[in-house]
Amino acid sequence: MSLLLKSYLSLFMLFQVLLALYSKLEIMGCEKGRVNPPRWRRIHRINGYIFIILFLVISYYCLFFLRAIPGEPSARALLHSLFAIGVISMLALKIFFVGRYKKFMRMVPAFGLTVFFLTLGMIATSGGYYFVTRAESPPDSQATAGKQTAPSYQANIEKGRQLFNKWCVACHDPASKQNRMGPGLKGILKAEKLPVSQRAATVDNIRRQLRTPYRLMPPQTHLGDEEVNHIIEFLKTI
Ligand code: HEC
């Protein structure tokens, strides 16, 4: 699942919590006889189920992403995970209370509201961040157009391939331009521009991507300079 799809799905979840809030207000807040609460109750419930399914599907991909990150996740990723854990626990409690402990019924709206705010936090720290940084103008001015010429020894290319298979392949397909977590990298150094940032497709900019990545990719600072060179030699061949 690409990040873009994940981010659009999170926007849909934003719509869902708003709908959940609104339907709850309609159920609880209106004068008698004015609306049709059973209908809103049904909408509230079905909406909730779809939310949970989406949540689980997206979480699966997030865990995959988290596993592919070497070292500790970033502060934003941690915050996002915390919000997500909060959302699903509160939601589980809420459903449990409604189904089993009728006497706690009066606490349910507070739980619902908590789920609402936690979901806002969860979306803001992932999809929200993604859309805000996408809006920034990405091309950089200091990009150099010429490509570096480094000797490309077969052995180094092979080392590069192995390093790529170890550290990059979970998120990048070397054989196509299709998205995994990040864009497919086929022909990356033969193109004019890098696929996401639109910076010039130069060796320097790839190096920079590995040290201080553009946007969401985790930094690959665990790789030494020589290893980075090998990976670049390999990238030239795909
Ligand atoms: C955990 C997943 C992940 C890993 C591991 C990862 N990347 Fe990425 N990479 C991404 C994502 C996501 C993007 C797109 C950034 C965005 O959309 O915010 C990206 C973007 C890129 C880009 C394009 C940058 C641009 O300016 O357009 C290159 C090149 C790249 N990665 C190379 C690598 C290499 C080489 C490795 C291995 C050493 C690697 N990545 C490891 C997720 C990853």
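This is a predicted model: local features need pLDDT of at least 70, side-chain atom pairs count only at pLDDT 80 or more; totals for chains, interfaces and linings use all residues.
View 1. Tyr101 is partly exposed, its relative accessible area being 35%. Phe97, by contrast, is buried at 13%, below the 20% limit for that class. The search of the whole structure returns eight aromatic pairs. In the pair formed by Phe97 and Tyr101, the ring centres are 6.4 Å apart and the planes meet at 85 degrees, so the geometry is edge-to-face. Both residues belong to one aromatic cluster, together with Phe96 and Phe111.

**View 2. The ring pair of Phe116 and Phe117.** The two ring centres lie 5.3 Å apart. Their planes stand at 70 degrees, and the pair is therefore edge-to-face, the threshold being over 60 degrees. Phe116 counts as buried, with a relative accessibility of 11%, whereas Phe117 is exposed at 52%.

**View 3. Arg76 over the ring of Tyr129.** The charged end of Arg76 is placed over the Tyr129 ring, at 4.1 Å from the ring centre.

View 4. For six octahedral donors, the ideal angles are 90 or 180 degrees. His172 lies in the loop between α5 (154–167) and α6 (203–211). Met217 lies in the loop between α6 and α7 (225–237), and the pair, 45 residues apart, links distant parts of the chain. Both His172 and Met217 are buried.

Conventions: Residues are numbered from 1 along each chain as its sequence is written. Side-chain values use heavy atoms; hydrogens and water are left out. Rings of Phe, Tyr and Trp (its six-membered ring) pair if their centres lie within 6.5 Å; planes under 30 degrees apart count as stacked, over 60 as edge-to-face and the rest as tilted. Buried means under 20% relative accessible area, exposed over 50%, partly exposed in between (1.4 Å probe, protein chains only). A charge sits over a ring if NZ of Lys or CZ of Arg is within 6 Å of the ring centre and within 35 degrees of the ring normal. Helices (H or I, at least four residues) and strands (E, at least two) are DSSP runs, numbered from the N terminus.
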